[in-house]
Amino acid sequence: MRYAVIGCGRVSPHHISAAIENNLQIVALCDLEQAKLLEKKNAFSLSEDVHLYTDYKEMLAAEKPELVAIATSSGAHAEIAIDCIHAGCHVIIEKPIALSLADADRILAAEKEMHVKVCTNHQNRFNAAIQQMRNALLAGRFGKLLYGTTSIRWNRDEAYYKSADWRGTWAEDGGTLMNQCIHAIDLLRWMLGDEITEVVGFTDNLLHPYIEAEDIGLAMLKFKNGSYGMIDGTITTFGGDYEETLTLFGQKGLAKAGGKCVNKIDEWRFADGTDTESCVQKECGENPPNVYGFGHKSIYTDMLEAIREDRPPYVDSAAGRRALETVLAIYKSAAEGKPVRLPLENCSTLDFEGRFDETIHS
């Protein structure tokens, strides 16, 4: 299958590696900066048959890829995705799927019109620890779900934000909830039944005066099935990335995925006693070199199978929209100082421009 990457920045090596591991025919790389294109081509020793482009529309017309990965600034995801879809491409979109619900809906509509597959790159769903929790959930081992929590306690410094001028802006990125925390937010919503009815949120910019958006976000979610979710996410953690955890509490079970990126089982207690915590920890412990984890290969494998079998990807475009909606609802609740009911309509990161100007400049 002919494959191309649009956007050759920080996350692109994980996409290129996943493409190689899945035996895709890489035909092109595209980025606005020629230096990044050459860097990635050389790093992976790609052949001369892999062409380099600074204009993705030119690339689509010339190379006619069948599958495209979009790893640009978040604010560009929607427009590029829709152009790729209308060119007949299947698409893997880095998180978030878009920065507005209107743009996410445009992607979903284009996907349906053109009969292609769109996958949102929430690769942590494929972590061994997360799959173990999901299987226990589907088997009913938790009994009645009571609540779930996720904590994302990482660090991003000024050098990170200065590495690309779009980072931390409302127009192209959002803050820690939209960028660093959306993977865990996706997992929490997915595990607790997807249907949120109400959100209460708080956001602030405590230590990052050089960005527009939040560096900390806290939220409580109420689900239609009667369960609750709690989120705390930040990039202010002293000393670097500390943890990303997901804990599910049920009437008959409790499980916690921990590590820096929900990559191992920390707690495993179930009334049915069918397995032991130590055995599960041994089977599901992963030690990724960074917070990106090992899920990119799996998300590509599933996407290729979805195309062949004509089924939705495991993490489809609707899942990407739900994760986006959750973050925007937290932003809206925090900005308005009151609970927000879901479903949410017509909301964008641009609605919150100037939110922390007084805090940042004081």
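These legends accompany several close-up views of a predicted model. Local features are reported where pLDDT is at least 70 and side-chain atom pairs where it is 80 or more, whereas totals for chains, interfaces and linings use all residues. Residues are numbered from 1 along each chain as its sequence is written, and side-chain values use heavy atoms, with hydrogens and water left out.

**View 1. The open six-stranded sheet is arranged in the order β3-β2-β1-β4-β5-β6, with parallel pairing.** Helices (H or I, at least four residues) and strands (E, at least two) are DSSP runs numbered from the N terminus, and two strands are taken to pair if DSSP finds at least two bridges between them. The edges of this sheet are formed by β3 (51–53) and β6, each of which has a single partner strand, so one side of each is left without a neighbour in the sheet. Neighbouring strands are turned by 20° against each other on average, direction ignored. Between the parallel strands β5 and β6 there are four bridges, and E94 stands opposite N121 in β6.

**View 2. The loop between β5 (90–94) and α5 (101–114) holds L99.** With a relative accessible area of 7%, L99 is buried, where buried means under 20% relative accessible area, exposed over 50% and partly exposed in between (1.4 Å probe, protein chains only). Leaving aside residues up to four places away in sequence, L99 touches S74, G75, W170, A171, E172, D173, M178, L324, L328, C347, S348 and T349, contact being defined as heavy atoms within 4.5 Å. The C-alpha atoms of L99 and K144, which lie 45 residues apart along the chain, are separated by 34 Å. P96 is also found in the loop between β5 and α5, and the peptide bond joining K95 and P96 is cis, with omega about -15°.

**View 3. A cis peptide bond leads from L342 to P343, with omega near 10°.** P343 is placed in the loop between β14 (340–341) and α12 (357–361).

**View 4. N23 and H115 are shown for their positive phi values.** N23, which is not a glycine, has a phi of about 60° and is found in the loop between α1 (12–21) and β2 (25–30); its relative accessible area of 69% makes N23 exposed. H115, likewise a residue other than glycine, has a phi near 55° and belongs to the loop between α5 and β6 (118–121), where H115 counts as exposed at 69% relative accessibility.

View 5. Six bridges join β12 (residues 253–258) to β13 in an antiparallel arrangement, and the bridge partner of A255 in β13 is W268. Axes here are lines fitted to C-alpha atoms, for helices over the stretch in contact, and angles run from 0 to 180 degrees between N-to-C directions.

**View 6. Helices α6 (residues 128–138) and α8 (residues 182–191) have axes that come within 11 Å and cross at roughly 15°.** This makes α6 roughly parallel to α8, since angles under 35 degrees count as roughly parallel, over 145 as roughly antiparallel, 65 to 115 as roughly perpendicular and the rest as oblique. The contact is made by I130, Q131, M133, R134 and L137 of α6 together with L187, W190 and M191 of α8. By class, six of these residues are nonpolar, one is polar and one is charged, with Ala, Val, Leu, Ile, Met, Phe, Trp, Tyr, Cys and Pro counted as nonpolar, Asp, Glu, Lys and Arg as charged, and the others, Gly among them, as polar.

**View 7. Helices α8 and α11 pack at an angle of about 105°, with their axes 9 Å apart.** The two helices are therefore roughly perpendicular to each other. In this contact, I182, I185, D186 and R189 of α8 meet A319, R322, A323, L324, E325, T326 and V327 of α11, and the classes comprise six nonpolar, one polar and four charged residues.
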